[in-house]
Amino acid sequence: MRGKKFGLLVIGAGLAALLMGTQAQAWNEGGGEQDEALKILLELKKKMKNDPKLKEKVRKDGIAVYEVCSACHTTEGWGTKDGTFPQLAGQHDTVIIKQLADIRAGNRDNPTMYPFALPKEIKNAAPEVGGGPYALAVVANYIYNLPMNPDNGKAPPGEANLERGKKLYEENCVRCHGPHGEGSEEKFYPKIQGQHYKYMLRQFEWIRDGKRRNANPDMVKQIKGFTDQDMKDVIGYVASIPVPKEKLAPSKDWVNPDYE
Ligand code: HEC
Ligand code: HEC
């Protein structure tokens with residue numbers, strides 16, 4: 001009995017700490033590693049324009065770090081249709097850095113990925129790059145430039161009313177995620193066009209229900225009244241938005257030559 005009570009106490013204390021953490025953490029305070037990585041990325045982008053040698057080095061470093069990630073997100077960066085792993089390819093570099101820094105700092109729960117995202121693990125895999133903010137910058141740059149999956153997961157037949165979803169999207173989402181789900185690099189709004197239906201459904205539900213702790217509070221407010229059917233309709237629509245051709249891989253059988 002005593003053991004059980006003590007266990008509950010410990011859980012209670014853990015929960016209290018978690019809740020306090022939630023309140024203290026603003027949506028995008030930045031700071032620390034996130035700011036450092038963004039600064040490095042900005043400088044690299046400027047310099048790379050006139051320095052092909054540097055550009056090649058940054059790409060090589062990105063490949064070395066991304067190898068760790070490819071175990072789950074696949075070498076193409078396309079994730080899995082069943083939504084277990086999100087597509088990363090083509091995502092804004094700022095968003096990749098924010099999400100990674102949030103996961104590393106414990107502001108977004110991702111128990112599967114957490115150990116692999118740590119500096120130690122990345123440094124082990126890519127000693128010449130290290131595991132710090134520079135690694136975040138180069139992997140974000142590499143991921144953004146990967147061509148996207150032309151065959152992302154869609155809503156199963158009959159599950160979502162896309163016409164209704166389009167209307168919901170226009171009324172509730174465009175102001176942040178853009179008319180085509182393209183998001184915003186500058187404002188850290190994720191690109192959601194081309195993302196897998198099941199992954200987005202899970203994230204949307206977690207954001208609505210307060211389970212994704214780094215969510216944007218204005219988005220939470222905007223979707224508070226969404227029913228489960230509203231959610232399926234709007235996400236079904238998002239998953240069906242076509243991705244611009246120049247961002248797509250030539251075919252769904254494309255293989256990333258960097259890992260051959
Ligand atoms: C062991 C598997 C695993 C590894 C290795 C892994 N990830 Fe992930 N990653 C996941 C899972 C699972 C999710 C989705 C978690 C969820 O549903 O919230 C995710 C989510 C993400 C997200 C958030 C995507 C979004 O759309 O918000 C980013 C960014 C990301 N991973 C980047 C990386 C990078 C960069 C690496 C390598 C340094 C990496 N991951 C390594 C499993 C992994
Ligand atoms: C006020 C701006 C805002 C509005 C309105 C908004 N979102 Fe978001 N959304 C965001 C931000 C910011 C994030 C990323 C939060 C973070 O940093 O973790 C996000 C995350 C998401 C994600 C998870 C993406 C990923 O890669 O993990 C999905 C899916 C999503 N939004 C869909 C929608 C849909 C559909 C609507 C409309 C019903 C909507 N959002 C309305 C700002 C917004």
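Predicted model: local features only at pLDDT ≥ 70, side-chain atom pairs only at ≥ 80, totals over all residues.
Local features require pLDDT of at least 70 and side-chain atom pairs count only at pLDDT 80 or more, while totals for chains, interfaces and linings use all residues. Residues are numbered from 1 along each chain as its sequence is written, and chains are lettered from A and ligands numbered from 1 in the order in which they are written.

**Ligand 1**
- The shell around ligand 1 holds 21 residues, of which Cys69, Cys72, Gln99, Met113 and Phe116 come nearest; a residue is near a molecule if its C-beta atom, placed from the backbone, lies within 6 Å of it.
- Two or more residues each come from H3, helix H4 (93-105) and helix H5 (114-117), and H3 gives the largest share, six residues; helices (H or I, at least four residues) are DSSP runs, numbered from the N terminus.
- This shell comprises 16 nonpolar, four polar and one charged residues, where Ala, Val, Leu, Ile, Met, Phe, Trp, Tyr, Cys and Pro count as nonpolar, Asp, Glu, Lys and Arg as charged, and the others, Gly among them, as polar.

**Ligand 2 and helix H12**
- Ligand 2 is surrounded by 23 residues, with Cys173, Cys176, Asn216, Asp218 and Met219 the closest, and the shell divides into 14 nonpolar, six polar and three charged.
- At least two residues of this shell are supplied by each of H9 (174-177), H10 (197-208), H11 (217-222) and H12 (228-240).
- In H12, the buried residues include Lys232, Asp233, Val234 and Ile235, a residue being buried if 20 or more other C-beta atoms lie within 10 Å of its own, with C-beta atoms placed from the backbone.
- Helix H8 (162-172) and H10 are among the elements that cover the buried residues of H12.

**Packing of H3 and H7**
- Helix H3 (residues 52-73) and helix H7 (residues 133-144) pack at about 90 degrees with their axes 8 Å apart, the axes being lines fitted to C-alpha atoms over the stretch in contact and angles running from 0 to 180 degrees between N-to-C directions.
- H3 and H7 are therefore roughly perpendicular to each other, a class that spans 65 to 115 degrees.
- The residues of this contact divide into ten nonpolar, two polar and two charged.

**Asn149**
- Asn149, in the loop between H7 and H8, counts as buried because it has 24 C-beta neighbours inside 10 Å.
- Asn149 and Gly77 are 72 residues apart in sequence, yet 8.3 Å apart in space, C-alpha to C-alpha.
- Beyond its neighbours within four places in sequence, Asn149 is in contact with Trp78, Gln87, Ala89, Gly194 and Ala249, contact meaning that the C-beta atoms, placed from the backbone, lie within 7 Å.

Conventions. Buried ≥ 20, exposed ≤ 12 C-beta atoms within 10 Å, placed from the backbone. Contact = placed C-beta atoms within 7 Å. Parallel < 35°, antiparallel > 145°, perpendicular 65-115°, else oblique.
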